[in-house]
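Please keep the sequence and the model in view while reading.

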Amino acid sequence: MSDTNINATGKLPEGGESVLNDVFSPYADYFIDIIEQRHSYISTEPVGIYESQIKHYICQNYFNNEQQTLWKKIPQFIAPIQSLEKIGDFITVDYQGRVPMIVSKVDDDRCAVFENVCPHRGARLEHHGEGCKKAFICPYHSWSFSHQGNLIAARWKEAFPEIPEQYRSLTSIVAQKKFSMLWQMPGEPNHGFSLEHWFADIEDQMSAIGFEQHQLLNCRERMVRANWKLLIENFIEYYHVQSLHRNSLAPTLNGQLYSLDSFAQHGRILTPLKNLAQVRRQTPHKTRREMVATYLLFPNVIIGVQPYHVFVSFYHPVSANQTWSKTFNFIHKTDAEISEVCQLDVEYLAEALEEDYEAIEQVQRNLEVSSAPSLLYGEAESLIGQLHRNLGAILRQGGKEVNQA
């Protein structure tokens, strides 16, 4: 399989058409070769069936164990930072159950993350979702802090003969940048942990997307009344496409032909659109426009590469049966001239996402009253089994530590 995609005129993919080219190009030829085969999905290796206990989706005690054990050991997504261009640019980030945050551009090369909480009396410091400020002023008592998080002034300073050090700055949240996104570092001390190691096996894939060459188009969020794992499961299998999305995705997406691949704890699905063979023959530099890739950044971030946009979806657990969904839609900077086409691509997928959410909420309701003990997953859903095995390994290790204590 060739890693370079050149047509008869020697035209190379460029701009938005170059996204994931080295990944899509060899798989496109492979898909075309086997497109007529009856059993056409591809897995890296046979994995058999997998069963998941229903209590993992409905039990609040199990959810509490996840909260206390899982999220302290792994990096947690905060937000993409493409919109933070100038020093002083900021965004606020709110996820229920996590401290509210301010992400501030503090110098040319660095963003800092602070608790969006005034250390004086605990009031919310910044109420706007985004903007550009050199100072944040608390609406409660007008204490002011620089965009670097340092106390500038306390109103009626004479009322405070001294201000202890802990009140002289906003509380910092330890975060690092990777793939033009900020990640909150694990809360439990682990001196050997690094984002480089956590994402090492999928680094090449993410780099090939080129997030730094994309601009934020819009953001959508909503509460989904379902367990977070049901949502992640839905997006790491295409087995449901031909049924659930028969009138939306199925007419254009080849939902019976796809590749399932693992990258350590992360995963990927590749699938072609139905016009791939024709496009590959006539304009091979446009292969990206006829392929779709979905990535799982373990455990709860989904990245999708669609023909004309890239999305990042974060699924934040709120309770055993509620998940906050936030999706960031991006277009390549060179695709700005065809932004209307990109917007249609976003709307096309948004329709299918609503179909997913409605179906998953129905599944959640069914599980809460069902007497069945477990759910079943087959070879076409192998990434789901991998997800649960990796989750189980972390949760079991946490249980051992509790028992030892």
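UniProt positions are given here in the numbering used for this chain, with feature names shortened, and such annotations may be inferred rather than shown by experiment. With that caution, the unreviewed UniProt entry carries the annotation "domain: Rieske" over residues 78-174. Over residues 78-174 the chain is 0% helix and 34% strand, and the end C-alpha atoms lie 11 Å apart; helices (H or I, at least four residues) and strands (E, at least two) are DSSP runs, numbered from the N terminus.

The model is predicted, so that local features need pLDDT of at least 70 and side-chain atom pairs count only at pLDDT 80 or more, whereas totals for chains, interfaces and linings use all residues. Residues are numbered from 1 along each chain as its sequence is written, and side-chain values use heavy atoms, with hydrogens and water left out.

The domain assignment, whose bounds come from an automatic or database source, gives domain 1 (24-60 + 201-398) and domain 2 (76-185). The centres of these two domains, taken over C-alpha atoms, are separated by 34 Å. Where they meet, 18 residues of domain 1 are in contact with 11 residues of domain 2, contact meaning heavy atoms within 4.5 Å. Between them, domain 1 and domain 2 bury about 1,400 Å², 74% of it on carbon and sulfur atoms; buried area is the accessible area (1.4 Å probe) that two parts lose on being put together, summed over both. In domain 1, the residues that lose the most area to domain 2 are F211, F314 and H316, which together account for 32% of what that side buries.

On the side of domain 1 that touches domain 2, the elements giving two or more residues are α5 (203-209), β13 (214-224), β17 (301-305), β18 (310-319) and β19 (322-332). Of these, β18 gives the most, with five residues.

The structure as a whole holds 14 salt bridges. One of them joins the side chains of E17 and K286 at 2.9 Å, N to O. Because E17 lies in the segment before α1 (21-34) and K286 in the loop between α8 (276-282) and β16 (291-297), this pair ties together parts that are 269 residues apart in sequence.

Two backbone details remain. Most residues other than glycine have a negative phi, and most peptide bonds are trans. The peptide bond from F298 to P299, however, is cis, with omega near 0°, and P299 lies in the loop between β16 and β17. S142, although not a glycine, has a positive phi of about 65°, and S142 is placed in the loop between β8 (135-137) and β9 (144-146).

Notes: A salt bridge is a side-chain nitrogen of Lys or Arg within 4 Å of a carboxyl oxygen of Asp or Glu.
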